[in-house]
Amino acid sequence: MAHHTFISSMKENFLLAAAESGNSVLFTFLIYILGVFVIAWLSNKLLQNRNFLSEYFLGSRGLGVWAFALTLAATSSSGGSFMGFPAKIYSHGWVLALWIGSYMVVPICIMGLLGKRINQVARISGAITVPDILRDRFNNVSFGLVSVALIIFFMTFNLVAQFKAGSEILRTLLGPIDAFNSAVAALPEWFGNFSGLGADYMLCLVVFGVAVIVYTTYGGFHAVVWTDVMQGIVMLVGVIIMLPLAIDQATDAIDSSDSSKTGMAAVTEEMAKMVPPRYVTIGLSLPKSPTEDVQIPPGTWVSSQGKVLHGKSGRVFRTKQRNVFSAGAPVSLVQAIEIISPSDKRRSFEAMESQNKNDTGGVASNLEVRLVLNNAKVRIPSDYAGDLSKVELKTGILLPWEDQGTQRIANLYAITSEVESLKAGDELDAYVFDFIRTEDSFLKMEHNVYRSSLTEFPQLEGIEISSLDDGYYAYGAADEEIGSFVTAPGPHRDSTSGFLPLSLAISFFFMWAISGTGQPSNMVRLMAFKDTMTLRRSIFTVAMYYTMIYFPLVIIFCCARILLPGMEAEADRIMPQMAVTLTTNVGMGWLAGLLIAAPFAAVMSTVDSFLLMISSALVRDIYQRNMNPDATEKQIKKLSYIFTLVVGLGALIGAMNPPEFLQDIIVYTGSGLAAAFLAPVVYALYWPRSNHQGCIAAMIGGFGAHLSLYIIGFINGEGFTPYRPLELDPIIIGLFGSFIIGFIVTLKTAPPSDKVVKKYFYKKLEG
Amino acid sequence: MASDLDRDQYSSEPDPTFVNSRREAIVIFCTWFVALIWAVTYCKINGYDIEDPANIPTTLGMPSWVVWGIAAPWLAADLFTTWFCFCFMKDDELGIAGDEEHLEHAVEVDG
């Protein structure tokens with residue numbers, strides 16, 4: 001019973017402390033923003049009395065160990081590290097250790113493979129940007145322009161995506177805070193109309209966007225670096241505080257009668273029993289139809305109130321989205337997850353009890369799940385010969401479904417597609433009642449009932465279910481797959497190969513370590529450290545830093561599976577939710593503010609670097625190098641401020657109504673940049689025989705090979721999912737293609753001039 | 001004549017910073033490859049297709065395949081990185097910031 005009391009008191013404390021922690025979050029956030037502006041102001045002071053371009057875009061090549069190490073670490077850790085990664089750990093379990101495994105060598109790869117040499121070559125050529133290096137190393141203007149074009153192409157998409165990610169994170173963090181919701185409610189209607197994503201998103205976008213644009217524009221590279229340092233420290237402190245709290249509290253939450261083990265062993269044992277939840281649509285009702293609209297927040301626990309539901313009792317659900325129960329409506333349909341594992345169910349019922357105890361409005365506690373529905377598609381055959389005007393697809397009719405060679409029977413709830421009249425060949429969205437796979441005599445009985453129904457409604461002959469989603473995970477839900485949270489490849493909602501099949505595990509070793517090395521945003525930082533001693537100490541520092549962050553995150557969010565059941569309903573909120581839960585349980589709710597600042601800090605540190613990269617490409621690589629080589633410092637300074645501001649505002653406007661597939665765009669641009677830039681830069685730095693023809697071919701070849709796999713995927717009807725030959729990620733194909741094409745073209749074309757080779761590969765004589 | 005003069009400014013020996021960087025890069029690439037082979041092979045053999053996940057072997061409370069496939073090599077990689085940074089990697093001359101010199105001439109400082 002100890003765990004029962006614990007969970008109950010934990011939830012009560014959590015709710016009571018919600019307001020307190022909400023204020024802490026706001027307070028921490030405001031202090032944080034203030035700190036960022038102070039840093040920008042100090043950095044702007046540094047701009048005085050120094051060469052403006054070199055200082056604004058490269059910090060005068062003077063970064064010391066802490067600044068260099070933490071700016072690189074923080075820039076590499078985007079918002080994904082503190083929002084997406086915890087959500088993935090929670091949803092897929094221990095296999096995320098393998099997913100992130102290459103981070104054991106990421107610091108030494110991204111800093112050591114190119115660091116010393118790119119810094120030296122940048123100094124020899126006087127380069128401030130990556131295109132600068134390529135242009136000067138090969139003495140070829142076209143190469144510089146091709147690389148600028150690719151950087152602007154990739155980075156612009158990425159910047160819009162990161163702006164959206166930053167705003168979404170802020171919305172997630174501030175969403176539960178009353179003061180924020182009051183501010184949103186007070187906004188004029190026209191403000192919210194700028195974005196299809198709502199007034200709260202717009203407010204977060206403006207706050208995030210203006211803060212990051214102002215401090216980056218005003219303070220330049222040093223502002224970005226020092227805010228990165230501050231953000232890096234925030235991230236590390238957050239993880240160090242959370243780790244012991246998570247293990248301790250998760251262990252306490254496990255029923256001691258279920259396990260003889262303690263600590264993490266008990267957590268792992270408990271996870272081994274878990275089955276991923278089921279995704280369904282539920283029909284909710286209240287004892288009396290509401291007389292006015294009732295809001296049901298996302299994450300609300302609901303059950304069938306002890307009644308048998310579709311033949312099963314003891315079912316518990318959690319809503320996935322905000323829902324309005326309309327006045328007068330008997331039932332409200334909501335997307336939800338159903339908890340399947342017995343141990344998860346017990347904790348979920350306890351969480352529901354606590355929720356209902358604190359339900360002062362009496363709505364949540366009275367909600368009853370009356371229906372469980374699955375999504376399906378109903379197909380009318382293209383050669384349907386009957387009279388469709390007589391066909392009525394109404395609740396309760398039976399329809400056949402061909403399921404992997406077995407014909408099954410589903411029970412229709414409703415057609416959800418809006419159609420005026422049915423036509424042959426139509427495929428309609430529909431709900432069917434809770435689908436259960438029956439076998440043998442039960443299945444035969446269903447077939448008999450279906451055949452009888454056809455004698456009554458012969459016009460239904462031929463109409464069938466073309467696809468049906470029963471809501472179970474494609475991998476991890478079957479009896480033989482129990483334990484998927486502690487084994488590889490991990491559970492997956494859609495893929496029967498699981499979350500991390502072996503080919504993907506290999507791809508991620510390329511993705512993080514090799515693709516990270518090929519990111520121009522990392523290369524720019526490698527051009528900024530002071531000396532090789534700084535580089536050596538920084539590689540060591542980042543290695544320790546990543547060790548202290550990434551593996552502990554896996555442990556913390558495996559513990560979250562015990563502490564916070566049902567968070568698949570809002571997986572992206574797991575980080576702030578966990579921070580509030582852990583700190584509230586030890587009576588230190590104010591600490592949540594600091595922990596919650598970590599993901600916001602992470603995305604901010606990525607956005608500011610990208611912003612500066614695009615403006616440096618415009619000012620240095622296009623304007624100064626190609627349009628006006630004799631530009632005065634005053635002109636350069638003015639343009640740098642204007643371009644940084646304009647690019648930032650452009651991204652902010654683009655993020656108001658962002659395109660679909662934003663997460664896919666982030667993945668595409670990250671791997672595309674590496675496929676285009678890594679081989680040419682490696683050849684330029686390490687191969688004296690390399691020439692501009694070979695390196696341009698490597699750049700275009702890598703870009704083309706990578707892009708073509710996305711195009712093939714699109715043509716195959718996979719949307720933004722690329723074609724994967726041999727199940728390998730496009731980054732691997734792109735990199736191999738780039739290196740091979742570059743090598744062949746280089747050998748087939750004339751060698752570089754002796755002068756260039758001497759300049760970059762031989763020791764300069766003193767005097 | 002100009003190119004002869006340019007050539008005369010450089011010795012016939014390769015730049016030591018280039019030579020050391022290349023040697024270090026090769027060692028790092030081999031380290032990445034070893035990490036890939038160890039982690040993926042070990043996890044494939046011990047982490048995939050486990051017959052009885054309910055009784056999965058644990059080490060330090062974590063699944064053993066995670067500890068020996070990822071955590072232990074991670075610590076080994078940290079030890080290697082420490083050795084690499086403080087014993088193997090050379091301190092080299094990076095040269096004078098060329099852009100500072102270059103810009104002094106190219107950009108007219110507005111008074």
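## Chat about chains A and B

Modeller: Heads up, this is a predicted model. Let's start with one pair of residues: Tyr762(A) stands opposite Pro14(B), which sits in E1(B).

Colleague: Okay, which strand of chain A is joined to E1(B), and by how many bridges?

Modeller: That's strand E12 of chain A, residues 762-764, and two bridges join it to E1(B). The two strands run antiparallel.

Colleague: And how many residues does each chain put into the contact?

Modeller: Chain B gives 68 residues and chain A gives 71. Several elements of chain B give two or more residues to that side, including helix H1 (2-8), strand E1 (10-14), helix H2 (16-47) and helix H3 (64-88).

Colleague: Which one gives the largest share on chain B's side?

Modeller: H2(B), with 18 residues. By class, the side of chain B that touches chain A has 38 nonpolar residues, plus 15 polar and 15 charged.

Colleague: Switching topic: what's in the largest nonpolar core?

Modeller: It has 261 residues, and among those touching the most other members are Leu98(A), Cys109(A) and Val432(A). Helix H13 of chain A, residues 199-253, gives the most to this core: 26 residues.

Colleague: What is Val432(A) in contact with, leaving aside neighbours within four places in sequence?

Modeller: Its contacts include Leu373(A), Ala376(A), Tyr413(A) and Leu468(A), and also Asn374(A) and Asn411(A).

Colleague: Last one: which domains does chain A have?

Modeller: The assignment gives domain 1 (2-249 + 481-761), domain 2 (277-366) and domain 3 (381-465). The centres of domain 2 and domain 3 of chain A, taken over C-alpha atoms, are separated by 29 Å.

Note on methods
Residues numbered from 1 in each chain as written. Chains lettered and ligands numbered in written order. Predicted model: local features only at pLDDT ≥ 70, side-chain atom pairs only at ≥ 80, totals over all residues. Contact = placed C-beta atoms within 7 Å. Helix = DSSP H or I, 4+ residues; strand = E, 2+ residues; numbered from the N terminus. Nonpolar A, V, L, I, M, F, W, Y, C, P; charged D, E, K, R; others polar. Pairing = 2+ DSSP bridges. Core = buried A, V, L, I, M, F, W, Y, C linked by C-beta atoms within 7 Å. Buried ≥ 20, exposed ≤ 12 C-beta atoms within 10 Å, placed from the backbone. Domains from an automatic or database assignment.
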